[in-house]
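Could you walk me through this model in the viewer, stop by stop? I would like to know what to select next and what is there.

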Amino acid sequence: MAQYVLAIDQGTTSSRAIIFDHAGSIVSTGQLEHEQIFPRAGWVEHNPVEIWDNTREVIGQALSKANLTRHDIAAVGITNQRETAVVWDRTTGLPVYNAIVWQDTRTQPIVDRLAADGGVERFKPKVGLPLATYFSGTKIVWILENVEGAREKAERGDLMFGTTDTWVLWNLTGGLEGGVHATDVTNASRTLFMDLETLEWDDEILAAFDVPRSMLPEIKSSSEVYGTVNEHSLLREVPIAGILGDQQAATFGQAAFDQGEAKNTYGTGNFLIFNTGTEIIHSKNGLLTTLGYKLGDAEPHYALEGSIAVTGALVQWLRDNLGMITSSEEIETLAASVDDNGGAYFVPAFSGLFAPYWRSDARGALVGLTRFVNKGHIARAALEATAFQTREVLDAVNADSGVPLTELKVDGGMIKNNLLMQFQADIIGVPVIRPVVAETTALGAAYAAGLAVGFWSTLDELRSNWQEDSRWTPVMSEEESARQLRNWKKAVTKTFGWVDEDVI
């Protein structure tokens, strides 16, 4: 009898396979990073073939480390970087261009063109999203307009689009040999094309974007059997039964199943998701309305989301571009070498600002510098930027929902940083709680897949798996917290309006 579920976590910087047991504990992990491609300022790409090759290899790593075979795996779940767009040829199975990553800003002229008739919120009542470079819809348009022959192939029905969950699912189920072309509601809700109420692609919006419907995958629930792994894989015949976009998967893995529950993921960017239950709430404070999850034929659950583009990526930038640290973990030691930020504030608007501002004209700024400031202060300011951005998003969630959060569940790679977690609690004024299993993104995908095949029976069973590991409570005075937040907001305004016709 199969005792485990395997989750594929296709993320922004790496692809992982993680095997979980019935208690939701990690049994083994395989992981490979993929290349980050930066052809020009503001352009970010991945090689989809490299991602698929790495996915196959990490599955083998995870199985090998645990000395398991396909017979031990009850189901496979997939979670992914949500807005990253892949377009491939259905006759060759090959991408027509690199994957355009969610951080990429090249589609701003397309956004401006579409917003000329109705503004950036032109489609928001239907799709819950403003027009922005962040979402995958404009990336498809860019490929159709800029890759030679792409428009003609699309009109013939020869091109397929998918976010990376769809790309992995299609290849895992056979590719050219009968691969399943599908996605789930959470990923579909990040394209700008899906109607939140009908959970279907909207033909009027597709016409406005001039994207053929034939390119798009079938929209499914987050927890059902989409197909089985093809015969050429180590996991052949194992059902693929769960798909959730990475932030929704993390929310599911945190057992935040009910209205009013929330989590914040600290990764390449930060993403706070607040479950609004079966009710669609349209934000008045710069948040996104999105799908939380849909289990089989049950009613969908919706969410408000605060998306922050650059948090962990700022630490990577200090490591890779400036050489201030040699590993990401060193940032905490460097930041702890000083008592405070020395008056420096770092606003990492490398891709513009996402929630709650949605300012594509913003660019990064390090302000408040004096001769006193050293690299320890800059390291501290970089970590504090994550906490300040989270506070602003949390304020927007509280305003939209009318129900202030009393605690914040956290996950993602940065939650190992105790200095950051304490500062986060101080700046939001409520406890911050880290779970025992921090890999909640992969766990959420595993849960969705396991529910579909009966490996787990109920949401209550999953709730009982969740365990608290650490808790940070606020120790900073309200006056000091307010002072720092005021300075942060002042720093944010210095990033506005940087991009114009003369600045790339």
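Here is a tour that goes from a sheet to the helices around it, and then to a few backbone details.

**Before you start**

Keep in mind that this is a predicted model.

**Stop 1: the sheet**

Select strands S3, S2, S1, S5, S12 and S11, and colour them in that order. These 6 strands form an open sheet, and their pairing is mixed. Look at the two ends of the row: S3 (26-33) and S11 are the edge strands, each with a single partner strand, so one side of each has no neighbour in the sheet. From one strand to the next, the twist averages 25°.

**Stop 2: strand S12**

Now zoom in on residues 239-245, which make up S12. Is this strand enclosed by the rest of the structure or open? Buried here means under 20% relative accessible area. By that cut-off 7 of the 7 residues of S12 are buried, so the strand is largely enclosed by the rest of the structure.

Next, show its partners. On one pairing, S5 (residues 73-80) runs parallel to S12 over 5 bridges, and you can find Thr79 opposite Leu244 of S12. On the other, S11 (residues 223-228) pairs with S12 in the antiparallel sense over 3 bridges.

**Stop 3: H6 meets H1**

The crossing of H1 and H6 is right-handed. Show side chains for Pro48, Val49, Trp52, Thr55 and Ile59 in H1, which meet Trp167, Val168, Asn171 and Leu172 in H6. By class, this contact has 7 nonpolar and 2 polar residues, with no charged ones.

**Stop 4: H2 and H4**

Select residues 108-115 for H2 and 136-146 for H4; these helices pack at an angle of about 110°, with their axes 9 Å apart. That makes H2 roughly perpendicular to H4. Which residues make the contact? From H2, pick Ile110, Val111, Arg113 and Leu114; from H4, pick Thr138, Val141, Trp142 and Glu145. The residues of this contact divide into 5 nonpolar, 1 polar and 2 charged.

**Stop 5: H12 and H16**

Move on to H12 (residues 375-401) and H16 (residues 478-493), whose axes come within 11 Å and cross at roughly 90°. H12 is therefore roughly perpendicular to H16. On the H12 side, select Glu384, Ala385, Phe388, Gln389, Arg391 and Glu392; they meet Ser481, Gln484, Leu485, Trp488, Lys489 and Val492 in H16. This contact of H12 with H16 is made up of 5 nonpolar, 3 polar and 4 charged residues.

**Stop 6: backbone details in the loops**

For the last stop, switch to a backbone view. In general, most residues other than glycine have a negative phi, and most peptide bonds are trans.

- Select Asp210, in the loop between H8 (203-209) and S10 (218-220). Asp210 is not a glycine, yet its phi is positive, at about 60°. With 42% relative accessibility, Asp210 counts as partly exposed.
- Select Ala255, in the loop between H9 and S13 (262-266). Its phi is near 60°, again a positive value in a residue other than glycine. Is Ala255 buried or exposed? At 5% relative accessibility, Ala255 counts as buried.
- Select Pro356, in the loop between S17 (345-347) and S18 (365-367). The peptide bond from Ala355 to Pro356 is cis, with omega near -5°.

Technical notes:
Residues numbered from 1 in each chain as written. Predicted model: local features only at pLDDT ≥ 70, side-chain atom pairs only at ≥ 80, totals over all residues. Heavy atoms only, no water. Axes fitted to C-alpha atoms, helices over the stretch in contact; angles between N-to-C directions. Helix = DSSP H or I, 4+ residues; strand = E, 2+ residues; numbered from the N terminus. Parallel < 35°, antiparallel > 145°, perpendicular 65-115°, else oblique. Contact = heavy atoms within 4.5 Å. Nonpolar A, V, L, I, M, F, W, Y, C, P; charged D, E, K, R; others polar. Left-handed = near helix turned anticlockwise from the far one by under 90°. Buried < 20%, exposed > 50% of the residue type's maximum accessible area, 1.4 Å probe, protein only. Pairing = 2+ DSSP bridges.
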